[in-house]
Amino acid sequence: MLHNDQLAQWDRENFFHPSTHLAQHARGETATRIIRTASGCHIEDRDGVRLLDAFAGLYCVNVGYGRQQIAEAIAAQAKELAYYHSYVGHGTEASVTLSKMILDRAPSNMSKVYFGMGGSDANETNIKLIWYYNNILGRPKKKKIISRWRGYHGSGIVTGSLTGLELFHKKFDLPVDQVIHTEAPYYYRRADTSQTEAQFVAHCVAELEALIAREGADTIAAFIGEPVLGTGGIVPPPRGYWPAIQAVLKKHDILLIADEVVTGFGRLGTMFGSDHYGIEADMITIAKGLTSAYAPLSGSIVSEKMWSVLERGTDENGPIGHGWTYSAHPIGAAAGVANLKLIDDLNLVENAGKVGAYLNKTMHEALGDHPNVGEIRGEGMLCAVELVKDRDPRTFFDAANKIGAQVSAALLGEGVIARAMPQGDILGFAPPFCLTNAEVDEVVGKTVKAVNAVL
Ligand code: PLP
């Protein structure tokens, strides 16, 4: 077996890590942690350090680690047929079955699923299909996409533009022209402290209306949003936000993409976030929870309204010129089928709702009155603790102090993984759905210790 020091050296010399301070890592200032194995909600590294993963990887290992049913389905698929493409009517039992399983679970206006590999490429597909759709409808000018500040939709050229986080634009010449941003529904940070939730929703709506008026509704194709802002800080929308936004979009004939990469398949305690908030999207993006990350697979679910136009488009123009080699990859599809079965068999959506509610309640009880905790918020199996310098008057820490990262590091020292969200001092929790109440108690108890150690 290779020695850890050898791996750390090869890592620094050869491995270009995503979302990493490259110079610090090359200098050895960030450690190389080689993960060896995992089971349930715990991961273990090669030094035998066992950590409770309260972020489910990157909020994706929803059913928990080490599920033999999924591993066996992947192995069986690899032995029988590791790969065949899905162009021009080809499929596998797994990919066809999975498409039916997804549509059986999706909102009733949805019609078909286009498979990809990850959330970013699925959102790229969405944008291309929406442009195609408007061209078929004879509206070549209607192409701009509205996204929210603090939204996260991926790291590609268009999707990195849709993402409304500074870090993902900086020095990349993003966003591209066709992407425009509007207000984030982030009541705690964005609302005037005298504003009620309803007044803040009215402000978000007014901002959106003003943007549409400025750009011209005939130039705007779609609006994209996560039911709950994820990477932007785990921010559930204020009450009434989604119906109010949807009314504006309908009025101006602007399509809605619900990016359910994080919320799809149970994280909010409902199968989709759209079910939870009554969102009627024209497209839904799925990835992470589709396979619980046992294999890469994503999807763009397309509504019947769009499908009928796309179908007509191919009669007029020939085959649709959009395809990935790995679309509907058999191994990903086999993982997806086994994963969705497991979610049903173990009632994991219900568990995410129940244990998530316990997590949020317990976190409130333990830290709600802490002088450096401005807000604790969440929905289902998502929870955020926002750290502030002062609660009243509300004062935030200087970003350079990296307080969120410091608390997350202290928590790691206690054996629990929570994510310091990229913008603001926000500690994010998004555990696997199989988390138990006893594990919640451990996560919360150690979070209190970590917050008190730093603040
Ligand atoms: N959309 C949302 C809401 C996400 O949270 C993410 C990733 O975190 C993506 C899209 C991009 O997915 P991927 O990293 O698989 O490309």
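Predicted model: local features only at pLDDT ≥ 70, side-chain atom pairs only at ≥ 80, totals over all residues.
Between which two elements is phenylalanine 265 found?

Residue numbers start from 1 along each chain as its sequence is written.

**View 1. Phenylalanine 265 sits in a loop.** The loop lies between strand S8 and helix H11 (273–277). Helices (H or I, at least four residues) and strands (E, at least two) are DSSP runs, numbered from the N terminus. Phenylalanine 265 is not a glycine, yet its phi is positive, about 70°. The residue counts as buried because 28 C-beta neighbours lie inside 10 Å. Buried means 20 or more other C-beta atoms within 10 Å of a residue's own, exposed means 12 or fewer, and partly exposed is in between; C-beta atoms are placed from the backbone.

**View 2. Aspartate 253 also has a positive phi.** The value is near 55°, in a residue other than glycine. Aspartate 253 lies in the loop between helix H10 (241–251) and strand S8 (255–259). It has 13 C-beta neighbours inside 10 Å, so it counts as partly exposed.

**View 3. The ligand is surrounded by 15 residues.** The closest are Gly118, Gly119, Ser120, Gly154 and Val261. By class, the shell has five nonpolar, eight polar and two charged residues. Here Ala, Val, Leu, Ile, Met, Phe, Trp, Tyr, Cys and Pro count as nonpolar, Asp, Glu, Lys and Arg as charged, and the others, Gly among them, as polar.

**View 4. Helix H6 (residues 119–136) gives the largest share of the ligand shell.** Its share is three residues. H6 has 18 residues and reaches 26 Å from its first C-alpha to its last. That is close to the expected 26 Å, where the expected span is 1.5 Å times one less than the number of residues. Buried residues of H6 include Gly119, Ser120, Leu129 and Tyr133. Glycine 138 follows H6, with a positive phi near 75°.

**View 5. Four strands form an open antiparallel sheet.** The order is S11-S12-S15-S14. Two strands pair if DSSP finds at least two bridges between them. Strands S11 (373–379) and S14 (419–420) are at the edges, each with a single partner strand, so one side of each has no neighbour in the sheet. S14 and S15 (residues 426–429) pair over two bridges. Arginine 419 stands opposite glycine 428 in S15.

**View 6. Glycine 424 lies in the loop between S14 and S15.** It is buried, with 23 other C-beta atoms within 10 Å. Not counting residues up to four places away in sequence, glycine 424 touches Gly233, Glu386 and Gly404. Contact means C-beta atoms, placed from the backbone, within 7 Å. Aspartate 398 is 26 residues from glycine 424 in sequence and 9.2 Å away in space, C-alpha to C-alpha.

**View 7. Two peptide bonds to proline are cis.** One joins leucine 174 and proline 175, with omega about 5°. Proline 175 lies in the loop between helix H7 (157–162) and strand S6 (179–182). The other runs from aspartate 392 to proline 393, with omega near 0°. Proline 393 is in the loop between S12 and helix H15 (403–413).

Conventions: Near = placed C-beta within 6 Å. Contact = placed C-beta atoms within 7 Å.
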